[in-house]
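Please walk through this structure with attention to its surface, its charge pairs and its backbone.

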Amino acid sequence: MEVLLDFLYLSRQRKQEEMQELQNDLSFLKEDIATVERRRQFLRLKDKPAERACLSADSSLPRLDLYSGCKKPSHGGAISVWRGGQGGAFSPPNEVKSMAGNADRNSAFLMSKKAEGIQKRLPENPYIESHAGSMGVHAVSKKRRVLAQFEDLQEAYLLRRRQVARKQNQRQIQEAVRNTATKGSESYQDGLEDFESVLTAFTRYSIEFDRDDEFFATAGVSRRVKVFNFETVVNELADVHCPLVEIATRSKLSCLSWNKCAKPLIASSDYEGTVTVWDVNTRQAVMEYEEHEKRAWSVDFSRTEPSMLVSGSDDGKVKVWCTRQESSALSLDMRANICCVKYNPGSSNHIAVGSADHCIHYFDLRNASTPLYVFKGHRKAVSYVKFISPTELASASTDSTLRLWDVQRDCSIRTLRGHTNEKNFVGLTVNNEYIACGSESNEVFVYHKAMSRPASWHRFGSHNSEDNGDDSSHFISAVCWKSQSPTMLAANSQGTIKVLALAP
């Protein structure tokens, strides 16, 4: 009876805690609904003439007609629906399934059939259906996207609101003299704006072709490093773009890394285990390191100390190099094949190492005898590691997942699923908010870092029109954001490189 009583007391306590949390969540929602209603009313009053003009224009358009007032897509080119100047495309609703199919066959419409399938499974929403005409196509599209991942978005919202509530309670304890009501309204405002930024970013983008500037380099089984002018590639119509610089190498190349300070310097790792630093201006090797005994998979220049670089190899060794000396400055024996290495962007002393042992090892090179942390969770080899920030690390694995880690608090943040990756290296790239990776379905996937499911994707098509229905053997082999811009490069196993951009 004593044990039973303890169980019942504990059960009641936990249910009361759940009820309290639910009541708090409902309180957040009540306050935030009131805040947003007030904002919306204020904006309507402020911009009433523009609203009347917009409603008048919308009333003359057929309901959910994507192409009304727009040029129809031409064969082989990308389009932006409802584009004004440098605007962007949005994902189409269900009602235009046939149009989307035709445009997709022309490699023009940017919404994949997988996205249509998600929308078909969406429950009907009376608010969206009854207000579709007045909201406009763009708003309907965004609301459908929210419904497609409603549970993830709700989790992200409540997480941020609860964090703000905890901080508020801490402030109340520390600063009892402050007005409680005032602090409450401030915390609601802070938490709502934090989640609003996530929701805005999540619904803002779909993938399409775009243009920007600067240079990019490519390498692979062709045994050549090729450097292209980005602006020339995206602005000049040509069947084949010639590189500005082409450097012949002895072996197939596995990885490239630009020096973060000396712009002409680029490092490569190859299938023979050689790590080479090239000067692209002179097309000559500046340094050549041959200590690895097997294929070197990865190389990376330090962002904070440009003379330092790190490499990893199938020989189980991680080696740190300095461009001012001919031999390695440090060698770590990991006793497992090394798939990827990456410097922390905020420190030349910290590196992340992904290996075939399914783990990410995080080292402080000043005391490298044992790792600071070992991040466990992947079920197969870790193929890529990339730092989103000095404290956030993203990893990719052949278990078809991406994972986010906090390297400061030594914990897992989130697991991302949606792409397919079981045997190939399909690429990983990150910027402040988004994570992009390839897939063995010949698609590029983009995730918002606060969400566990893809925000958008783009499918590569075959060059040969007769092979359009069968590109299952191809996969994405590399992806790379351009700095912190919405533009990325993506390459597949056919050797096709596409310029893609997140567009509104």
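**A walk through the model**

Phe7 is found in helix H1, which covers residues 2–46; helices (H or I, at least four residues) and strands (E, at least two) are DSSP runs, numbered from the N terminus. This is a predicted model, in which local features need pLDDT of at least 70 and side-chain atom pairs count only at pLDDT 80 or more, while totals for chains, interfaces and linings use all residues. Residues are numbered from 1 along each chain as its sequence is written, and side-chain values use heavy atoms, with hydrogens and water left out.

With a relative accessible area of 52%, Phe7 is exposed. The classes used here are buried (under 20% relative accessible area), exposed (over 50%) and partly exposed (in between), with a 1.4 Å probe and protein chains only. Accessible areas come from the Shrake-Rupley method with a 1.4 Å probe, and for residues only the protein chains shown count as cover. Patches are made of residues with over 30% relative accessible area and no salt bridge; like charges are joined within 9 Å, and nonpolar side chains (Val, Leu, Ile, Met, Phe, Trp, Tyr) within 5 Å.

Helix H1 also holds both Lys15 and Glu18, which are 3 residues apart, about one turn of the helix. Their side chains meet in a salt bridge, at 3.5 Å from N to O. A salt bridge is a side-chain nitrogen of Lys or Arg within 4 Å of a carboxyl oxygen of Asp or Glu. Lys15 is exposed at a relative accessible area of 55%, whereas Glu18 is partly exposed at 44%.

How many salt bridges does the rule give? The count comes to 15. Among the residues involved are Glu21, Asp25 and Arg162, which are linked in a network of salt bridges.

Another pair is Arg295 and Asp314, whose side chains meet in a salt bridge at 3.4 Å, N to O. Arg295 lies in the loop between strand E8 (284–289) and strand E9 (296–301), and Asp314 in the loop between strand E10 (308–313) and strand E11 (317–322), so the pair ties together parts that are 19 residues apart in sequence. Arg295 is partly exposed, with a relative accessible area of 26%, and Asp314 is buried, with 15%.

The side chains of Asp300 and Lys342 form a further salt bridge, at 3.1 Å from N to O. Asp300 lies in strand E9 and Lys342 in strand E13 (residues 338–343), so this pair ties together parts that are 42 residues apart in sequence. Asp300 counts as buried, at 2% relative accessibility.

Charge also gathers on the surface. Arg379, Lys380, Arg417 and Arg453 form a patch of positive charge there. The place of a charge is taken as NZ of Lys, CZ of Arg, CG of Asp or CD of Glu. Lys380 sits in the loop between strand E16 (373–375) and strand E17 (382–387), and counts as partly exposed at 34% relative accessibility.

Two buried strand residues come next. Tyr362, in strand E15 (residues 360–364), is buried at 4% relative accessibility. Tyr362 and Asn344 are 18 residues apart in sequence and 9.6 Å apart in space, C-alpha to C-alpha. Ala396 belongs to strand E18 (residues 392–397) and is also buried, at 4%.

Which residues other than glycine have a positive phi? One of them is Arg335, with phi near 60 degrees. Arg335 is in the loop between strand E12 (330–333) and E13, and is exposed at 74% relative accessibility. Asp410 is another, with phi near 55 degrees. Asp410 lies in the loop between strand E19 (401–406) and strand E20 (411–417), and is partly exposed, with a relative accessible area of 38%.

The cysteines remain. A search of the whole structure finds 0 disulfides, a disulfide being a pair of cysteine sulfur atoms within 2.5 Å. For Cys255, the closest cysteine sulfur is in Cys340, 9.6 Å away, which is too far for a bond. Cys437 is buried, with a relative accessible area of 0%.

Key:
Lys and Arg count as positive and Asp and Glu as negative; His and the chain ends are not counted.
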